[in-house]
Amino acid sequence: MVIAGAGVAALVAGSLTLSTANAAEDSAPSLKTLSSTSASKLASKLTSDIKGDAGSFYDAKAKKLVVNVTDQAAKEKVEAAGAEAKIVQHTMAQLNSVKDAFTAKEIAGTARVVDVKTNKVVITADKTVKGEKLAQLKKQAKAEGSKVELKRSAGKYTTKIAGGDAIHGDGGRCSLGFNVTLDGKPAFLTAGHCTTAIASWSDSEGGQEIAKSGDGKFPGADYGIASYTAEVDHPSAVNLYDGGTQEISGPAEAEVGQKVTRSGSTTQVHDGTVKALDASVTYPEGTVDGLIQTDVCAEPGDSGGSLFAGDKALGMTSGGSGDCSAGGETFFQPVTTALEATGAQLP
């Protein structure tokens, strides 16, 4: 029997002489064509060197890195490195401060992210936020001026427990995220709202135990680990639900604009884009911070399933709104955070 991990789971004119014109043209900075991995490395270097870091994102279509800056000196530094510079009004520190202030209010049914593309904190309120609570939220958002944009979601923010390959427990079904090793022994990562609610796991409904839940955290974060108690195959791979798998070579950090894929036991495989990082979502059970926001759909039972890009593991499905018929948004627990917290290794 094989249980595939990870779903088993952000572009001289004038009367110069010809030689002078060519010299000016040659000295102009040029954009580098970058992979998402290369862009992520360059972004980390540039944003750490720039005073008043305002964030960055990857333009997957143009294969370029766009870096937000707040002054001309930073703009020139970014362009010299081969990235596109975009002058904006607010720094990441300013926007994160606003996001944290709204997160502290613990309003159930809301999500908060820093949208680097618009240079704003985007607050989304689901359909359960209404009346006086919505009126107060609108007032507080308006008071922040250009730093905040308030949106509504027709759905309801929920965790996706119900479900890569399905894992079953008493009272629910989730999806396996990534197979890992813990203290040299086989284990798997999934969502924390799965392992904190379910102690024992099987690969079929009512089947024999194959794993027991260990450390996990929810709310606050949304990661959990379970150690295998039965002899089953545990490859470092994602179930693609077409008869094939995607091998996973290791973990990576997500990048805004990056194209990603999710695998889960309810809706199987779906693609999308990373919209924001470090998102905070307040579910009915409490607030979870540090999530990856995407436009990939998910449904109950997809919980814990894998988010990946090529052979790199990015995260496990936490929750969101909408479904795979009407569309929606889904949030993921970064796998790097889960690995660090649990001490597990991948692969």
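This is a predicted model: local features need pLDDT of at least 70, side-chain atom pairs count only at pLDDT 80 or more; totals for chains, interfaces and linings use all residues.

Colleague: Okay, how many helices and strands are in the protein?

Modeller: The protein has seven helices and 23 strands.

Colleague: What share of the residues is buried?

Modeller: Buried residues are 50% of the 347. The accessible surface is about 15,100 Å², and carbon and sulfur atoms account for 48% of that surface.

Colleague: How many positive and negative side chains are there?

Modeller: There are 34 positive and 41 negative ones, with the centres of the two sets 8 Å apart.

Colleague: Switching topic: how many aromatic pairs does a search of the whole structure find?

Modeller: Three aromatic pairs turn up. One of them is tyrosine 157 with phenylalanine 331: the ring centres are 6.0 Å apart and the planes sit at 65°, so this pair is edge-to-face.

Colleague: Are tyrosine 157 and phenylalanine 331 buried or exposed?

Modeller: Both tyrosine 157 and phenylalanine 331 are buried. Phenylalanine 188 and tyrosine 228 also make an edge-to-face pair, with 5.5 Å from centre to centre and 65° between the planes.

Colleague: Which strands does that pair link?

Modeller: Phenylalanine 188 is in strand β11 (residues 185–190) and tyrosine 228 is in strand β14 (residues 223–228). The two residues are 40 residues apart, so the pair links distant parts of the chain. Phenylalanine 188 and tyrosine 228 are buried as well.

Colleague: On to the helices. What happens at the start of α3?

Modeller: Helix α3 covers residues 72–80, and at its start a side-chain oxygen of aspartate 71 comes within 3.2 Å of the backbone nitrogen of alanine 73. Just after α3, glycine 82 has a positive phi of about 95°.

Colleague: Where is threonine 158?

Modeller: Threonine 158 is in strand β7 (residues 158–159). Its relative accessibility is 25%, so threonine 158 counts as partly exposed.

Colleague: What is phi of aspartate 183?

Modeller: Phi of aspartate 183 is near 55°, which is positive in a residue other than glycine. Aspartate 183 is in the loop between β10 (178–182) and β11.

Colleague: Why does aspartate 183 count as exposed?

Modeller: Because its relative accessibility is 74%, and exposed begins over 50%.

Colleague: And what about aspartate 278?

Modeller: Aspartate 278 also has a positive phi near 55°. But aspartate 278 lies within a strand, β19 (residues 268–283). At 41% relative accessibility, aspartate 278 counts as partly exposed.

Colleague: Great, I'll look at those spots on screen.

Notes: Residues are numbered from 1 along each chain as its sequence is written. Side-chain values use heavy atoms; hydrogens and water are left out. Helices (H or I, at least four residues) and strands (E, at least two) are DSSP runs, numbered from the N terminus. Buried means under 20% relative accessible area, exposed over 50%, partly exposed in between (1.4 Å probe, protein chains only). Accessible areas come from the Shrake-Rupley method with a 1.4 Å probe; for residues, only the protein chains shown count as cover. Lys and Arg count as positive and Asp and Glu as negative; His and the chain ends are not counted. The place of a charge is taken as NZ of Lys, CZ of Arg, CG of Asp or CD of Glu. Rings of Phe, Tyr and Trp (its six-membered ring) pair if their centres lie within 6.5 Å; planes under 30 degrees apart count as stacked, over 60 as edge-to-face and the rest as tilted. A polar contact is a pair of N or O atoms within 3.5 Å; within protein, one must be able to donate a hydrogen and the other to accept it, and residues adjacent in sequence count only if both atoms are side-chain atoms.
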